[in-house]
Amino acid sequence: MQYAIQYTSNWSKANNMKLNPDKTKDMVVSFKKCKQVVPLINVNDTVIERVSVHKLLGVVINNTLTWSDHIDYIYSKASKRLYFLTLLRRSGLSSKHLLIYYTSIIRPELEYGCPLWHNALTTDQSQVL
């Protein structure tokens, strides 16, 4: 793996590009029962941070490729927005405006990346959403 990273680093230098090790993360995905020891990766003499969970383009991915962290993240964001919706309802906002708020603010959070993760949900995760 280190060889591939070094090759990429050399290619980027040759093409006037720069890798940013501070923005780079390393995640080991393995389904084996006994975990393998994987050496840390270096880019330009900087050790890349190893993470077990990372948010990439708004989708939370973990090293077991389950969606529990992503569902928790969506649930947290949607709950905050739903609470604000109840405050708007209590203030006397019309149903039409409440529906506009829901479809423009809450529903996109719930549906973002849905084709990617929806089929892999457990029954409990589906009920949470």
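Guide: Before we start, one term: a residue is buried under 20% relative accessible area, exposed over 50%, and partly exposed in between, using a 1.4 Å probe and protein chains only.

Visitor: Fine. What kind of model is this?

Guide: This is a predicted model, where local features need pLDDT of at least 70, side-chain atom pairs count only at pLDDT 80 or more, and totals for chains, interfaces and linings use all residues. Residues are numbered from 1 along each chain as its sequence is written, and side-chain values use heavy atoms, with hydrogens and water left out.

Visitor: Got it. Is Ile106 buried or exposed?

Guide: Buried. Ile106 has a relative accessible area of 0%.

Visitor: And where does Ile106 sit?

Guide: In helix 3. Helices here are DSSP runs of H or I with at least four residues, strands are runs of E with at least two, and both are numbered from the N terminus.

Visitor: What does Ile106 touch?

Guide: Arg81, Leu82, Leu85 and Tyr101, leaving out residues up to four places away in sequence. Contact means heavy atoms within 4.5 Å.

Visitor: Which residues of helix 3 are buried?

Guide: Leu98, Tyr101 and Ile106. Their cover includes helix 2, residues 68–90.

Visitor: Where does helix 3 bend?

Guide: At Thr103, by about 35°. The helix covers residues 95–111. The bend is the angle between two fitted axes, one for the seven residues ending there and one for the seven starting there.

Visitor: What follows helix 3?

Guide: Gly113, with a positive phi near 70°.

Visitor: Tell me about Pro108. What does it touch?

Guide: Tyr102 and Thr103, not counting residues up to four places away in sequence. Pro108 also lies in helix 3. Pro108 counts as partly exposed, because its relative accessibility is 38%. From Pro108 to Ala78 is 9.6 Å between C-alpha atoms, and they are 30 residues apart along the chain.

Visitor: New topic. Which residues make up the largest nonpolar core?

Guide: Val59, Trp67, Ile71, Ile74, Trp117 and Leu121, 6 residues in all. A nonpolar core is a set of buried Ala, Val, Leu, Ile, Met, Phe, Trp, Tyr and Cys residues joined through side-chain atoms within 4.5 Å.

Visitor: What is Ile74 in contact with?

Guide: Glu109, Leu110, Trp117 and Leu129, setting aside neighbours within four places in sequence. Apart from that core lies another, of 5 residues, including Leu85, Leu88, Leu98 and Ile106.

Visitor: What about the surface? Which residues form a nonpolar patch there?

Guide: Tyr3, Tyr7, Trp11 and Met17, with about 550 Å² of accessible area together. Patch residues have over 30% relative accessible area and no salt bridge; like charges are joined within 9 Å, and nonpolar side chains (Val, Leu, Ile, Met, Phe, Trp, Tyr) within 5 Å. Areas come from the Shrake-Rupley method with a 1.4 Å probe, and for residues only the protein chains shown count as cover.

Visitor: Where is Trp11?

Guide: In helix 1, residues 2–14. Trp11 is partly exposed, at 46% relative accessibility.

Visitor: How many salt bridges does the structure hold?

Guide: 5. A salt bridge is a side-chain nitrogen of Lys or Arg within 4 Å of a carboxyl oxygen of Asp or Glu. One of them joins Glu49 and Lys25, at 2.7 Å from N to O. Glu49 is in strand 4 (residues 49–50) and Lys25 in strand 1 (residues 25–26), so this pair ties together parts 24 residues apart in sequence.

Visitor: What pairs with Asp26?

Guide: Arg50, with 2.7 Å from N to O. Asp26 lies in strand 1 and Arg50 in strand 4, so parts 24 residues apart in sequence are tied together. Asp26 is buried at 9%, whereas Arg50 is partly exposed at 32%.

Visitor: And Lys77? What is its salt-bridge partner?

Guide: Glu109, the closest N and O atoms being 3.2 Å apart. Lys77 is in helix 2 and Glu109 in helix 3, so the pair links parts 32 residues apart in sequence. Salt bridges with shared partners also join Lys77, Arg81 and Glu109 into one network.
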